[in-house]
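Okay everyone, thanks for coming.

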Amino acid sequence: MSSPLESKWPDLYSAPSISARVSIARPPLPPFEDSDVLVLSSRSTLPDSQTIGNTLLYLDLRLSLPAAPTCKLNWAFAGLRYTLPLSEQAEHSGGGAVVARYRWEHIIDSRGSGEPPDEGTLVRRIEGDGSEVEVEVGVGLDPETGIIGPYEEIWKDEELPVRSPFAFLMSDPSPTASKEFMAVVGAHAIALSQCKQDATPISENVIWTSEAVRLRGRKTGNKFCWETVFSTGQHSLKSQLLELVEKLSSHAWEGNGLWKRGEVVGLGDDKHSKLVRKWTVWDAGYTTRE
């Protein structure tokens with residue numbers, strides 16, 4: 001059943017974002033970082049992303065260090081992020097100014113669906129050197145120990161390039177029914193998918209296979225040249241993402257507008273319609289100078 005978001009395709013506000021995790025801490029242990037974590041987020045459904053009920057689409061890819069074609073996939077998930085009412089505990093969170101509370105719905109998840117709800121409170125703190133940092137505070141599963149406990153993640157947003165095309169695509173008109181997502185923002189591109197395999201005579205359990213591709217663009221003149229940072233090896237997903245970044249570059253180079261929300265975009269072999277994959281646009285446009 002379609003949600004109001006899917007049937008009306010409301011306007012989106014603000015700007016997309018590129019977020020990298022700086023560190024994670026599981027108190028009382030000190031902060032550390034064991035992954036290269038990149039999150040691409042779309043624009044928001046409300047003018048103020050901190051307003052309760054606001055929604056955006058995100059892709060979260062976590063690779064082992066250093067991020068390279070030979071690294072390992074630590075975790076990959078994608079879905080919708082919702083702004084929640086602040087809990088009494090969050091409102092009195094010490095050590096910083098509480099900004100908002102979010103829930104990240106994992107529509108696809110390389111670890112499966114057995115983990116607790118992914119919720120966290122964003123807090124702004126002043127470090128000892130006077131710099132301001134954004135800290136996500138919550139309770140989650142420690143994959144190393146299997147124990148649920150508190151965590152603190154420090155995040156940093158990358159500055160968006162001026163007048164740069166961006167896009168967020170889904171494999172289904174409904175985000176909650178999608179099993180594949182692609183996003184391009186600035187010099188970063190991610191594609192994530194989760195496919196169900198048929199049950200085997202040995203096991204009746206449903207088996208899900210996760211795939212991930214990450215590209216990085218290096219600007220040459222007025223264009224980006226894209227290279228593969230990581231791929232799990234699925235050629236079709238990688239070729240779809242490469243075609244997407246090329247289409248975005250062509251639109252920008254020619255000065256053309258981008259797709260509208262809800263528009264269906266075909267990627268693949270135009271000469272063979274059966275080989276064309278159809279994607280639905282969640283968000284697309286150009287970044288602008290503030």
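I'll talk about aromatic rings first, then about the nonpolar cores. One thing before we start: this is a predicted model.

So, how many aromatic pairs does a search of the whole structure find? The search turns up four of them. Let's take the pair made by Trp9 and Trp282, which is edge-to-face, with 6.3 Å centre to centre and 70° between the planes. Where do these two sit in the chain? Trp9 is in the loop between α1 (4-8) and β1 (17-25), while Trp282 is in strand β16 (residues 277-286). That's 273 residues apart, so this pair links distant parts of the chain.

And are they buried or exposed? Trp282 is buried, with a relative accessible area of 0%. Trp9 has 19%, and it counts as buried because the cut-off is under 20%.

Now to Tyr58 and Phe77. They're edge-to-face too, at 6.0 Å centre to centre and 75° between the planes. Tyr58 lies in strand β3 (residues 55-64) and Phe77 in strand β4 (residues 73-84), so this pair ties together parts that are 19 residues apart in sequence. Both Tyr58 and Phe77 are buried.

Arg111 lies over the face of Trp75, at 3.8 Å from the ring centre. You can see that sort of arrangement again with Arg163, which lies over the face of Tyr286 at 4.0 Å from the ring centre.

The largest nonpolar core has 26 residues. Which residues have the most contacts inside it? They're Leu40, Leu59, Phe168, Phe181, Leu192 and our friend Trp282. The elements that each give two or more residues to this core are β2 (35-41), β3, β4, β10 (165-170), β11 (180-185) and β12 (188-197). β3 provides the largest share, four residues. This core also draws at least three residues from each of domain 1 (17-158) and domain 2 (164-287).

Leaving aside neighbours within four places in sequence, Leu40 is in contact with residues including Ile18, Leu59, Phe168, Val185 and Ile190.

Note on methods
Residues numbered from 1 in each chain as written. Predicted model: local features only at pLDDT ≥ 70, side-chain atom pairs only at ≥ 80, totals over all residues. Heavy atoms only, no water. Phe/Tyr/Trp six-rings, centres within 6.5 Å; stacked < 30°, edge-to-face > 60°. Buried < 20%, exposed > 50% of the residue type's maximum accessible area, 1.4 Å probe, protein only. Lys NZ or Arg CZ within 6 Å of the ring centre and 35° of its normal. Core = buried A, V, L, I, M, F, W, Y, C linked by side-chain atoms within 4.5 Å. Domains from an automatic or database assignment. Contact = heavy atoms within 4.5 Å.
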